[in-house]
Amino acid sequence: MKRKNIALIPAAGIGARFGTDKPKQYVEIGGKTVLEHTVCIFQNHPSIDMTVVVVSPEDVLADGFQTAFAGVEVWKIGGRTRAETVRNGVEKLLETGLASADDNILVHDAARCCLPSEALTRLIEQAGNAAEGGILAIPVADTLKRAEGGRISATVERTSLWQAQTPQLFRAGLLCRALAAANLEGITDEASAVEKLGVRPLLIQGDVRNLKLTQPQDAYIVRLLLDAV
């Protein structure tokens with residue numbers, strides 16, 4: 001039986017660092033919200049079987065979003081943290097039978113709306129059949145400094161360092177088990193939860209265009225990238 005590839009987009013955050021009157025996933029760039037741009041990436045990819053967006057139970061901006069995208073599920077079961085939101089989404093996928101334990105879950109940041117299709121293809125082709133899963137990531141290019149009291153305390157060796165991106169692809173059963181077992185307070189991505197089980201996910205070459213909209217100035221770069229598509 002064919003293993004399904006299910007995109008899970010946690011979108012329950014408030015985007016406090018972005019400095020707008022609405023969560024950053026609902027900021028409009030180029031006539032569409034950031035979330036719409038992100039969903040379109042997966043809707044237009046031939047290897048994605050289903051897309052699920054998990055939002056906050058209080059999110060009124062998500063009302064009507066599902067009707068705009070055929071085949072997209074919008075669930076108001078988001079948690080207090082990103083990890084809780086992902087855990088809730090994976091558990092519901094398994095409980096409802098929409099996913100089996102052996103299906104692939106591709107967790108992707110709602111605010112990474114410039115993910116190139118070829119990077120998504122590369123992740124699915126190289127990690128889609130790997131029991132340990134894998135993530136998109138790029139080698140750290142800049143010199144890194146450790147800070148203490150506003151001053152440099154050390155230069156960090158960067159040779160083996162990678163910057164994690166999303167999607168992060170794992171079997172539903174493994175991801176559910178990892179998020180149930182981990183202390184979610186310190187979990188900032190799915191790979192870190194899986195690593196706590198002793199699993200070593202694959203690092204798949206990501207793309208510098210796959211940036212995360214975090215600060216207001218990032219919107220300028222995102223607009224340029226979307227216009228170039």
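Contact is taken here to mean heavy atoms within 4.5 Å, and helices (H or I, at least four residues) and strands (E, at least two) are DSSP runs numbered from the N terminus. The structure is a predicted model, in which local features need pLDDT of at least 70 and side-chain atom pairs count only at pLDDT 80 or more, whereas totals for chains, interfaces and linings use all residues. Residues are numbered from 1 along each chain as its sequence is written, and side-chain values use heavy atoms, with hydrogens and water left out.

The model contains an open sheet of seven strands in the order 5-4-1-6-10-7-11, with mixed pairing, two strands being paired if DSSP finds at least two bridges between them. Strand 5 (72-75) and strand 11 (202-205) form the edges, each pairing on one side only, and the twist from one strand to the next averages 30° (axes are lines fitted to C-alpha atoms, for helices over the stretch in contact, and angles run from 0 to 180 degrees between N-to-C directions). Strand 4 (residues 50-54) runs parallel to strand 5 and is joined to it by four bridges; Val52 has Glu73 of strand 5 as its bridge partner.

Helix 1 (residues 34-43) lies across strand 1 (5-10), strand 4, strand 5 and strand 10 (162-171), and runs at about 170° to strand 1.
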